[in-house]
Amino acid sequence: MTRFEFIVDGPPVSQQARKRGKGNRLQDWKKTVRQEAEKYWSSEQKTASGLVMLQITYFYDSVQIDIDNIVKPIQDAIKGLAYVDDNQVSDLLVRKRNLSGNFRIENMTSTLAEGFARGNEFLHIVVINASNQEVLT
């Protein structure tokens, strides 16, 4: 795998929803993430067997959540598709941006453009091969 990206209409469900007795909501969210990922998965792509970097950007409108709580359900949802196991995720970039805020996007992909075209909150999720593990910048 060189690059796999997809979008999911948001807002995301926090891993903390499990502790609040809202387990079905969390499981439903994981199913939604998986289903959306499968829509973008090409039959020509191969599941990563090495280390990967996971990039998650949450484009929100008015309600925001702590970004650290959205990672685990997404990692679990794409396990067995983008990578064999979530322990392959060696690098993680998670961020949030207010859709009404001031930011610039360079090198916009068609998938990310599709997310903006939908006009709702969404997550942009990218899985790529991890960089050289011996060099930190």
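In the predicted model, I56 is in contact with a set of residues that lie beyond its neighbours within four places in sequence, namely I70, V71, I74, L93, V94, R95, L123, H124 and I125. I56 also belongs to the largest nonpolar core, which has 29 residues, and together with I78 it has the most contacts inside that core. Two or more residues are given to this core by each of strand 1, helix 1, strand 2, helix 2 (71-77), strand 3 (89-98) and strand 4. Strand 2 supplies the largest share, five residues. In soluble globular proteins, nonpolar side chains tend to be buried together.

Aromatic rings were examined next. A pair of aromatic rings is described by the distance of the centres and the angle of the planes. With centres within 6.5 Å as the criterion, the count comes to eight aromatic pairs. One of them joins F4 and W41 in an edge-to-face arrangement, with 4.8 Å from centre to centre and 80° between the planes. F4 is located in strand 1 (residues 3-9), whereas W41 is in the loop between helix 1 (23-40) and strand 2 (52-60); the pair therefore ties together parts that are 37 residues apart in sequence. F4 is buried, its relative accessible area being 1%. W41 likewise counts as buried, because its relative accessibility of 18% falls under the 20% limit.

The pair formed by F59 and F122 is stacked, since the ring centres are 4.8 Å apart and the planes meet at 25°, an angle under the 30 degrees required for stacking. Distant parts of the chain are linked by this pair: F59 lies in strand 2 and F122 in strand 4 (residues 122-129), 63 residues apart. Both F59 and F122 are buried.

Q88 is situated in the loop between helix 2 and strand 3, and with a relative accessibility of 7% it counts as buried. A polar atom of the Q88 side chain lies 3.0 Å from the backbone oxygen of A48. The side chain of Q88 also reaches the backbone nitrogen of V84, at 2.7 Å. When residues up to four places away in sequence are not counted, Q88 touches A48, S49, G50, L51, V52 and Y83.

Methods. Residues numbered from 1 in each chain as written. Predicted model: local features only at pLDDT ≥ 70, side-chain atom pairs only at ≥ 80, totals over all residues. Heavy atoms only, no water. Phe/Tyr/Trp six-rings, centres within 6.5 Å; stacked < 30°, edge-to-face > 60°. Helix = DSSP H or I, 4+ residues; strand = E, 2+ residues; numbered from the N terminus. Buried < 20%, exposed > 50% of the residue type's maximum accessible area, 1.4 Å probe, protein only. Core = buried A, V, L, I, M, F, W, Y, C linked by side-chain atoms within 4.5 Å. Contact = heavy atoms within 4.5 Å. Polar contact = N/O pair within 3.5 Å; in protein donor to acceptor, adjacent residues only side chain to side chain.
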